[in-house]
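Hello,

Here is the structure to look through. My notes follow below.

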Protein chains: 4
Amino acid sequence: MSYLSGLFSTAFERRFARTVSTDAQGRKITDLARDLLGAQGEVSGSTLARLILDQYARADAEGKKAFFAFLLNDLEIDPVEVVETLKDYKAAPSKRSYQAYATASEPKRQELLRRLNQVRGGTKRLVSLRQDLLSMMREDPKLGPLDVDFQHLFASWFNPGFLVLRRINWSSPAEILEKIIAYEAVHAIDSWDDLRRRLHPADRRCFAFFHPAMPDEPLIFVEVALTQGIPNSVQTLLADGRAPIEAEDADTAVFYSISNCQAGLAGISFGNSLIKQVVADLSRDLAALDTFVTLSPIPGLRRWLDQVQKLGHDTASIEALAAHYLLTAKRDDRLPADPVARFHLGNGAAVHAVHANADISDNGMRQSGGVMVNYLYDLSLIPTNHEHFVTEKTVAASTAVRRLSASVTPKS
Amino acid sequence: MSYLSGLFSTAFERRFARTVSTDAQGRKITDLARDLLGAQGEVSGSTLARLILDQYARADAEGKKAFFAFLLNDLEIDPVEVVETLKDYKAAPSKRSYQAYATASEPKRQELLRRLNQVRGGTKRLVSLRQDLLSMMREDPKLGPLDVDFQHLFASWFNPGFLVLRRINWSSPAEILEKIIAYEAVHAIDSWDDLRRRLHPADRRCFAFFHPAMPDEPLIFVEVALTQGIPNSVQTLLADGRAPIEAEDADTAVFYSISNCQAGLAGISFGNSLIKQVVADLSRDLAALDTFVTLSPIPGLRRWLDQVQKLGHDTASIEALAAHYLLTAKRDDRLPADPVARFHLGNGAAVHAVHANADISDNGMRQSGGVMVNYLYDLSLIPTNHEHFVTEKTVAASTAVRRLSASVTPKS
Amino acid sequence: MSYLSGLFSTAFERRFARTVSTDAQGRKITDLARDLLGAQGEVSGSTLARLILDQYARADAEGKKAFFAFLLNDLEIDPVEVVETLKDYKAAPSKRSYQAYATASEPKRQELLRRLNQVRGGTKRLVSLRQDLLSMMREDPKLGPLDVDFQHLFASWFNPGFLVLRRINWSSPAEILEKIIAYEAVHAIDSWDDLRRRLHPADRRCFAFFHPAMPDEPLIFVEVALTQGIPNSVQTLLADGRAPIEAEDADTAVFYSISNCQAGLAGISFGNSLIKQVVADLSRDLAALDTFVTLSPIPGLRRWLDQVQKLGHDTASIEALAAHYLLTAKRDDRLPADPVARFHLGNGAAVHAVHANADISDNGMRQSGGVMVNYLYDLSLIPTNHEHFVTEKTVAASTAVRRLSASVTPKS
Amino acid sequence: MSYLSGLFSTAFERRFARTVSTDAQGRKITDLARDLLGAQGEVSGSTLARLILDQYARADAEGKKAFFAFLLNDLEIDPVEVVETLKDYKAAPSKRSYQAYATASEPKRQELLRRLNQVRGGTKRLVSLRQDLLSMMREDPKLGPLDVDFQHLFASWFNPGFLVLRRINWSSPAEILEKIIAYEAVHAIDSWDDLRRRLHPADRRCFAFFHPAMPDEPLIFVEVALTQGIPNSVQTLLADGRAPIEAEDADTAVFYSISNCQAGLAGISFGNSLIKQVVADLSRDLAALDTFVTLSPIPGLRRWLDQVQKLGHDTASIEALAAHYLLTAKRDDRLPADPVARFHLGNGAAVHAVHANADISDNGMRQSGGVMVNYLYDLSLIPTNHEHFVTEKTVAASTAVRRLSASVTPKS
């Protein structure tokens with residue numbers, strides 16, 4: 001990796017870059033972009049692309065907004081051309097007529113993004129460019145169509161088939177580990193010692209997806225605890241000073257934290273693939289494992305409890321309420337209200353058990369009154385669960401959870 | 001790499017695959033494809049994709065043709081929908097209306113190909129699938145539009161920014177080296193000993209591009225000789241028993257063979273990037289290098305000579321004729337008739353010198369009467385040469401070659 | 001590795017070397033050796049060592065002989081000093097007195113060899129130096145004591161704990177593979193295609209030991225076939241065009257060829273460790289394996305048959321004779337006459353079965369009339385077998401082989 | 001590495017170990033040691049060795065002492081045998097007679113240590129065993145001879161030719177980095193952030209030696225700052241928030257901290273080789289470097305100052321006193337009193353400059369009143385300096401330092 005990253009920071013590249021267009025550096029980013037789309041693009045592509053990305057990086061908010069406006073408006077499709085090439089193609093289908101339609105129907109900004117991606121390190125910079133875009137879109141929804149193009153390209157580039165699963169452990173490079181500390185989104189890692197406790201013991205695992213073009217940047221990672229039986233609280237799982245077990249003696253793998261790392265890849269889904277590959281990996285190495293389960297937060301519970309004004313304070317009832325929430329609270333589209341539930345149920349998991357006092361950290365109490373949930377990944381049921389969830393919006397759940405939920409009767 | 005490739009050939013995958021749809025194996029490939037595009041696709045994607053690719057691999061020519069027909073016709077765009085979503089978008093531009101247009105304007109087969117690519121090893125199988133397509137297209141040009149979609153996706157997936165340059169030498173894995181032997185297209189390698197002579201001496205280099213998803217398959221490779229001065233024949237360059245020089249003593253790097261390896265990637269251009277990266281790499285490691293040049297065949301020369309009935313047999317005149325051919329023989333689009341010339345001139349190189357008796361192998365005599373040409377990559381002139389070539393179709397050449405060409409006067 | 005090997009071929013080393021002693025290159029190898037043992041040795045050690053090894057490499061047979069004579073005579077122990085320091089030590093044991101004895105009792109040539117070993121690549125050159133020594137010793141047995149010192153040092157440097165087991169397969173570097181071809185001592189590999197057949201199929205394995213200081217040189221390697229049941233001929237095992245089985249389906253691992261690679265390491269035993277580690281490795285990866293067996297030549301059989309004039313030509317009797325030979329033919333020290341038998345029995349294996357027509361190659365017929373033998377490595381019996389073999393010279397054998405041997409009655 | 005380390009923690013090894021001697025675990029460590037030296041040793045060696053090392057690890061101080069006593073007394077040379085084999089050898093020199101002498105003259109404990117070293121991980125455990133020995137020797141000097149044997153073997157095993165130089169940076173494994181934090185002996189690293197400041201900036205380097213058999217344990221490491229000009233204080237060098245320079249712009253490499261990591265390797269010298277290899281490595285990569293210098297503590301200064309009662313408190317005089325100390329204060333053997341001075345001067349460096357207020361940390365003030373010294377490694381003078389130092393005990397120094405020292409006149 002370091003081999004590649006060093007490749008172009010060389011005398012050669014500096015020499016070659018100078019010859020591209022001596023005045024390139026003084027030119028407007030939009031002119032450079034047009035060059036990159038034009039004849040120069042083939043041979044001087046990576047140099048032009050670098051200049052554009054450098055100019056973008058130096059731009060202020062106004063400059064970035066202007067660049068996005070250029071992409072949106074100046075590199076837009078021409079509706080007349082779309083319709084005409086479509087007619088021609090349908091009238092006389094051929095490679096040539098279809099090519100004309102294909103070119104016309106796709107905005108030129110997509111081609112520009114593909115060419116910007118030629119640069120060594122370009123992918124990472126485009127991901128961060130989209131992060132800017134997403135944040136500007138909140139104020140300026142008109143940028144929305146531009147994001148459709150980003151998402152389209154990223155879905156293709158970050159295809160699960162291109163991703164590399166790497167185990168993260170105490171032999172991993174410090175530069176990766178410091179990102180794990182930074183990106184952990186569920187149960188904060190507060191120091192290198194804390195990280196060591198998550199990675200180093202024999203009964204802990206961590207896996208991340210990487211893209212070959214961004215070898216130093218984890219995309220998503222999952223933390224796993226190997227246990228005997230299904231755990232009912234994160235405090236026990238992460239207790240300082242606990243005695244680790246031998247990995248070979250574990251019957252259960254607990255996915256207790258999944259964190260996305262790249263804000264610029266929002267909406268590009270890796271979680272499903274990650275879990276499947278990690279399950280495959282663990283199954284192969286540890287023959288005794290037969291249960292794959294999560295220990296997950298219920299981030300929407302507290303708010304829902306407040307709304308429904310059902311303030312149950314004894315242990316029994318908050319678990320029942322949590323079960324009720326997970327099984328019955330829905331969005332307008334009839335999918336579960338809870339985002340974590342949507343993710344795991346969408347992957348084909350089932351609601352397996354709920355536990356009170358399972359995360360008594362400040363954050364855990366605030367979000368869900370300390371309740372957590374196990375989602376069960378039963379390999380033989382995943383496809384069916386998933387299909388019912390997607391087509392009929394059915395929530396798979398254990399009998400116990402189902403009963404618990406049914407025990408909640410609305411106050412009359 | 002082997003780690004990854006082994007990942008899914010596991011008990012787990014077999015177990016999981018069985019549960020997807022027990023009767024999946026008996027189902028038609030087209031039904032599986034529809035499932036992959038539908039709700040099942042998200043969770044059972046890689047299993048479905050594998051089943052489809054396996055069925056395709058087992059299919060006979062008729063079966064493959066039928067699958068291509070299905071892609072072409074059943075997963076085609078709906079013109080009415082394209083036009084309507086386009087209207088809606090233009091009437092009220094928004095993320096949602098543009099998304100609808102983007103989905104409609106792209107045929108579903110593209111999404112299918114992207115999902116087939118999720119499988120570990122899928123990229124390689126799709127490349128070989130396109131190889132089938134290209135060969136069928138020769139008889140059935142109606143398949144042309146389908147190839148446009150392949151080319152579109154491959155250009156994005158095989159973006160130069162995603163490729164990895166690796167040096168090939170005598171420490172490279174045998175499984176890579178046997179492919180170098182098989183794919184060498186210019187000067188055949190006739191044995192492992194011959195290969196050793198090309199790779200092992202201190203004054204030889206070989207570099208190949210690889211894609212991370214096809215780590216065992218070189219995409220294109222170039223063989224380089226490090227010399228003192230510009231060589232004028234391939235016999236001398238490859239002479240058995242010659243005395244190698246120290247790499248540090250070379251002033252010239254000669255690109256004497258460039259071979260594409262994947263028929264299924266025809267039309268996806270890597271050569272320009274490869275040469276640029278290799279020049280960068282060599283420049284960094286060997287400070288004394290100041291000349292980058294090819295020793296190239298002129299594959300179209302013999303036929304052109306036959307056509308123009310100018311059968312000059314003494315040394316002087318065949319060089320002059322070759323120069324004349326390279327500088328003046330054109331296709332209908334006014335680009336050079338010779339394909340190798342188009343490639344290097346398109347990259348910004350210049351015709352530097354021509355040499356008679358430079359390749360006296362059977363193949364060399366048959367193609368070009370033994371004449372070879374040096375194309376010069378002068379770093380400071382590449383962008384200009386390229387731009388003139390692309391915009392004005394000008395052929396850059398040395399004064400010597402220019403004079404040589406001018407000395408040829410048509411028989412009156 | 002290449003990183004390290006390149007480290008000292010640098011401008012720095014050349015510069016530094018020049019300053020060591022400008023006239024060093026013109027000096028005698030023995031003077032350089034004395035310097036290396038003296039005060040200069042600490043700081044200029046690696047440069048002096050390189051000069052010595054270079055001079056040695058350039059020397060002719062006479063020069064090498066002279067250098068060995070120097071080591072033997074000039075760097076010999078001083079018996080008076082040995083005895084005196086011994087007395088002092090015994091009279092007043094202390095760190096200092098013991099150190100004096102330790103230094104005196106060991107000839108200075110050992111320290112010289114250790115200092116020559118400081119050079120990058122020194123180990124390999126010392127191994128080849130001993131190869132010269134072994135060959136000269138045949139004519140000049142007086143060099144024998146010198147070899148005792150070599151053997152002493154090599155046994156320490158090539159301690160099994162320092163060796164690295166690497167799998168050799170079709171992804172191994174060509175430079176390693178060509179050595180496998182060259183060193184195969186049992187069943188010759190006649191081409192790269194033949195090598196591929198030995199390494200590439202799913203039911204084949206090859207493992208070699210390497211020393212970290214000679215990373216490109218296999219020390220010993222073993223070829224393994226994974227089979228169902230114990231094979232009775234090498235022809236079947238190596239048949240061109242045979243259908244490989246899945247490794248997971250094998251119940252037996254057959255060690256059918258073990259080759260030492262370094263003549264200069266004669267007498268340093270790796271075979272026992274190699275087999276043990278390979279058994280461990282295979283056991284871990286392939287749970288179904290329960291039998292570890294060899295298919296071995298009987299190199300001494302033919303000669304023994306000739307001697308005893310028992311020319312049995314039908315199948316039954318040659319197998320019986322072979323069994324008889326393995327169980328009863330002894331050297332003066334009462335160990336088995338057959339060298340391969342000594343090796344495997346010494347490792348704790350047992351004679352399991354003999355097969356006629358098992359190696360019908362020219363070599364196989366010449367050495368042993370085509371008969372081969374399986375030695376069985378039964379994990380639970382290895383220590384006992386070994387101990388009985390070493391202490392009582394007992395040959396462990398199966399009942400069947402024992403009966404077969406007993407069936408041979410001397411002609412009266 | 002992890003591949004190897006995992007190799008024997010397998011079911012196989014456990015199975016095999018059980019068969020070695022079912023009652024081995026109950027036996028005395030000394031009996032096991034005798035077995036390891038006897039017939040069993042060859043085949044069951046690594047299992048026996050592991051049992052011995054495990055028993056040793058579990059032993060209390062008494063048990064360890066007893067084991068050392070056993071090594072010292074029971075595995076001692078037999079003086080009679082030494083003298084007799086020596087006579088035989090001298091009377092009739094031959095391989096056999098010399099072998100007999102060689103075996104007799106070396107105590108059996110050396111062979112035992114070599115056999116203990118066969119175990120995967122054995123080297124590391126023997127190093128820690130010697131650490132125990134060194135600490136016990138302080139109270140019980142009779143153990144001294146035992147340490148001579150350890151030192152003898154370690155010098156051979158940790159030969160510079162076997163060591164691997166690895167760069168340590170922010171991509172290094174956390175498990176290595178935490179050892180760097182722990183072992184830094186000169187300028188303490190107080191956190192991971194502090195470590196990052198030492199390793200990550202473009203103008204910092206760190207290199208360590210590793211032994212292949214202890215891949216996770218640095219043996220010694222050096223921290224380097226790349227600077228313009230020679231620095232005169234460690235505060236400036238390590239200042240938080242300082243602006244790094246480009247490595248290519250540096251003309252000077254400053255070795256500002258060298259730390260040995262393994263107490264059990266005391267007396268085995270790596271520092272000289274480390275500095276030489278690092279200089280070679282830096283020279284190759286950074287052409288502009290022309291000065292190699294240390295910034296070193298003067299640990300003996302404060303005590304010497306106290307002794308000589310020359311309490312000079314103004315800046316000028318403490319530098320002069322420091323110069324005087326370095327050039328004139330000697331041990332009984334006429335070598336410099338200061339240990340750091342002995343190390344660098346012994347390597348061929350020269351005292352180049354002294355700086356007051358150069359290390360104002362508590363430790364710096366306590367040891368040397370804040371004074372530091374630059375030792376200069378001038379490649380062209382190293383061999384001469386070294387030779388004069390070793391043979392005549394001459395201290396090489398710059399004219400400036402020499403004058404400074406001469407300015408100090410003893411109080412009459």
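**Strands of chain A**

Phe255(A) stands opposite Thr294(A), which lies in strand S5. This is a predicted model, in which local features need pLDDT of at least 70, side-chain atom pairs count only at pLDDT 80 or more, and totals for chains, interfaces and linings use all residues. Residues are numbered from 1 along each chain as written, chains are lettered from A and ligands numbered from 1 in the order written, and side-chain values use heavy atoms, without hydrogens and water.

S5 (residues 291-294) of chain A pairs with S4(A) in the parallel sense over four bridges; two strands pair if DSSP finds at least two bridges between them. Strands (E, at least two residues) and helices (H or I, at least four) are DSSP runs, numbered from the N terminus. S4(A) is also joined to strand S3 (residues 220-227) of chain A, antiparallel, by eight bridges. In that pairing Leu226(A) has Ala253(A) of S4(A) as its bridge partner. Seven of the nine residues of S4(A) (residues 252-260) are buried, that is, under 20% relative accessible area (1.4 Å probe, protein chains only).

**Where the chains meet**

In chain A, 81 residues are in contact with 81 residues of chain B, contact being heavy atoms within 4.5 Å. Four salt bridges are found across this interface (a side-chain nitrogen of Lys or Arg within 4 Å of a carboxyl oxygen of Asp or Glu). Lys95(B) and Asp147(A) form a salt bridge, with their closest N and O atoms 3.1 Å apart. Helix H10 (residues 144-157) of chain A gives the most to the side of chain A that touches chain B, with ten residues.

Regards

How values were computed. Buried < 20%, exposed > 50% of the residue type's maximum accessible area, 1.4 Å probe, protein only.
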